[in-house]
Amino acid sequence: MSFDDLLNIVIMQGFAGLSLFAVLLLMGLGLAIIFGQMGVINLAHGEFMTIGAYTVYLGSTLAEFISPNWVNTYFPFAIVAAFLIAFFAGWLVEWGLIRHLYQRPLDTLLATWGLSLGLQQAFRTFIGPKEVSPTLPDWIMGSWAPSEGLDIPINGMFVLALTLFVTGAVLLALHRSRWGLRVRSTVSNRAMANAVGINTQRTDRLTFSIGCGIAGVAGAAFTTIGSTGPTSGSLYIVDAFLVVTFGGAASLLGTVVSAFGIAQTQSITEFFLSGSMAKMITLSVVVLVLMLRPQGLFASKIRR
Amino acid sequence: MKHHNDTSSISLETPDESRRRILLAFGAISMAAIPGIGSAKSLPGVNTTGMAITDTEVTVGQLHSATGTMAISETGSIQAEQLAIDQINAMGGILGRKIKVIKEDGASDWPTFAEKSKKLLISDKCAAVFGCWTSASRKAVLPVFERENGLLYYPTFYEGLEQSKNVIYTGQEATQQILFSLDWAKTEKKAKSFFLIGSDYIWPRTSMKIARKHIEDFQKGKVVGEEYYPLGSTNFGSLMNKIKLQKPDCILAAVVGGSNVAFYKALKAAGIVGSKQLLVTLSVTEDEMTGVGGANFEGFYSSMKYFQSLENDNNKKFVAAFKEKYGPNSVIGDVTQAAYLGPWLWKAAVERAQSFDVDKVVAASPGIELTTAPEGYVKVHKNHHLWSKSRIAIGMPDATFKVVAESPELIEPNPFPKGYQ
């Protein structure tokens, strides 16, 4: 084992941590917006990701059906479509379900859990119980090997780039747009925001839909990593909540830092210990930190 | 209790013990002398335990997950068992009786499996049950089958360390599948160091324990890594680097379910591909390949007893019949084929015993041969597992398998291997 080999492994291990960070952040981002900004616990978050993933599958099936040339180009369009479809589904859910329950946070928990079970069964009945994976374009598969023995996964780089883009866009929108201003004022004082003429109902609906749309993008991106089945969402939901709660509910920056912390802990312990052990240690660290700081890493400094 | 009406025509079916003994004392000849009862079908002893069997029909149960997370795997087994039963019925059934199937859904939930097996045995009085897939579901129904003296045909390759009077195991137990592939890796591929990877539950852990013993004690090789990941895990980045650090001659993998797809995508993304690295898996059949994708598995090896591409007349007929019934795009994996054997093995045992009684069928089972099995000739061992061949096949880009090695002889099942525990 030469020094070069070791250096390669250190670089690749660093990247493994980064790409897990990207996955966790993308998972948690939509939830952070909905949970953090609106206080709604959306247990159907995983199913909105599944909707996004199935959209990509639909796109790949269509592309193969129309022409083989499309297989190499459909993917970016499928991600946009995943956002739009999940956004629209979120809009419907907010209108039909969530808006009636804003005063009852525990009931939203129950209602969205029911929704998630319903959606899972709908996937199973209408799409099928088998797990599917879309045919991905060649440019996203395999590895980028700048030198001998150094392989950087292309799908990992893709997810990382997408996550940075989405996170940047959300932060920008939240702090530089009229929508962001309305959201932030609604979060800090709903009654006062209403009084100064902000339509908080519409703000809520848009916020919820954007959160769901981002979940759709996350699901679409994850088709490059794993497969999609009716219950895929339930695999993601625990990690997503972990990231958001650990980071501090009302802070997007907290979500970023928490995703980074969890990803690095997990990935480094995984390298030195076994996979199941790493998960246990990561969870223990999270529990310990939450015992010391129940508000999460970054508590928002607003008066409640 | 519908079957009680069905059975009213046969006096032999009454549970009343003393009356049955008298009838048996009269014997078959006196029975045959009574007009209307004396058909060949009503031989005494065909059914002495009050199971749901009439002169024209025998009821069996089918217990798999049609819904839930295991539906992806168990659907093939449901289809294959139904196909075998349809074919047997088309040939005139068993002892002149058509097979009627009662389907129950275990819903990927182990307590549900136990409940449904009680229903099939106690209220439906099934003569045999074809079902279960995961070891967890088998362990859940086992006490029920033993208490009610039922008969279960279990199709999955599994970890061994079990043998029950009431179960016939039509898949391979761990040593049949593993030892041949390890010996093949050693002699054909000169592998000396092994990296063992599995999902974190009983089957991979037991299989890897056997593999480690065999590598270290019998092959004098080295295990350079042994890793387990939670079921459903999709995060294999660190694992790839560990593999690169250890540079094993051979990776032995038993990753299952959704993780399987993520695992092979991660290997490809890390530049660990079939042309550079030897990998033998115990858990990728044609069923999994549809999800994993040919491009991600190309050049890796799978160790099973059956592959859809096997070149023999039995298999050609089986594949053609399966595709005719379930569509040209359907695929047949190892377990699907093993499930197909269940009804045929039961038919052969019943015909040898000339009775549907579980005790007699069980007693007649050892030594039952099947020359028509798609995997080739199989035989039931007295330990209720099958003598079968083991095979290694390489994954092709179009998601099919090409067999590259086959054990020369049938491998004796050995569910309690000495020196491996």
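1. Two strands are taken as paired if DSSP finds at least two bridges between them; helices (H or I, at least four residues) and strands (E, at least two) are DSSP runs, numbered from the N terminus. In those terms, Val60(B) stands opposite Val101(B) in S2(B). The parallel pairing of strand S1 (residues 57–64) of chain B with strand S2 (residues 98–105) of chain B comprises 8 bridges.

2. The model is predicted: local features need pLDDT of at least 70, side-chain atom pairs count only at pLDDT 80 or more, and totals for chains, interfaces and linings use all residues. Residues are numbered from 1 along each chain as its sequence is written, while chains are lettered from A and ligands numbered from 1 in the order in which they are written.

3. Strand S1(B) also runs parallel to strand S3 (residues 129–131) of chain B, to which 3 bridges join it. In this pairing Gly61(B) is placed opposite Val129(B) in S3(B). Of the 8 residues of S1(B), 7 are buried, so that the strand is mostly covered, where buried means that 20 or more other C-beta atoms lie within 10 Å of the residue's own, exposed means 12 or fewer, and partly exposed lies in between, with C-beta atoms placed from the backbone.

4. Chain B as a whole contains 14 helices and 15 strands. Of its 421 residues, 54% are buried. Among contacts in chain B with a separation of 6 or more, 70% are between residues 24 or more positions apart; a contact requires that the C-beta atoms of two residues, placed from the backbone, lie within 7 Å.

5. The axes of helix H3 (residues 71–90) of chain B and helix H13 (residues 334–353) of chain B come within 7 Å and cross at roughly 35°. The crossing is right-handed, a term used if the near helix is turned clockwise from the far one by less than a right angle, left-handed being anticlockwise. Residues of H3(B) in the contact include Gly76(B), Ala80(B) and Ile88(B), and those of H13(B) include Val335(B), Tyr340(B) and Trp344(B). By class, this contact has 10 nonpolar, 5 polar and 2 charged residues; Ala, Val, Leu, Ile, Met, Phe, Trp, Tyr, Cys and Pro count as nonpolar, Asp, Glu, Lys and Arg as charged, and the others, Gly among them, as polar.

6. The contact between the chains takes 32 residues from chain B and 35 residues from chain A. On the side of chain B that touches chain A, the elements giving two or more residues are H3, strand S7 (222–229), helix H8 (237–246) and helix H9 (258–269) of chain B. H8(B) gives the most, with 7 residues. This side of chain B has 12 nonpolar, 14 polar and 6 charged residues.

7. Chain A has 11 helices and 2 strands. Its C-alpha trace spans about 65 × 50 × 35 Å along the principal axes. Because a compact globule of 304 residues would have a radius of gyration near 19 Å, the 20 Å of chain A agrees with that expectation; the radius is taken over C-alpha atoms, and the globule rule is 2.2 Å times the number of residues to the power 0.38. Of the 304 residues of chain A, 49% count as buried.

8. Met192(A) lies in helix H7 (residues 190–195) of chain A. Met192(A) counts as exposed because it has 11 C-beta neighbours inside 10 Å. From C-alpha to C-alpha, Met192(A) and Val289(A) are 34 Å apart in space, and they are 97 residues apart in sequence.

Notes. Axes fitted to C-alpha atoms, helices over the stretch in contact; angles between N-to-C directions.
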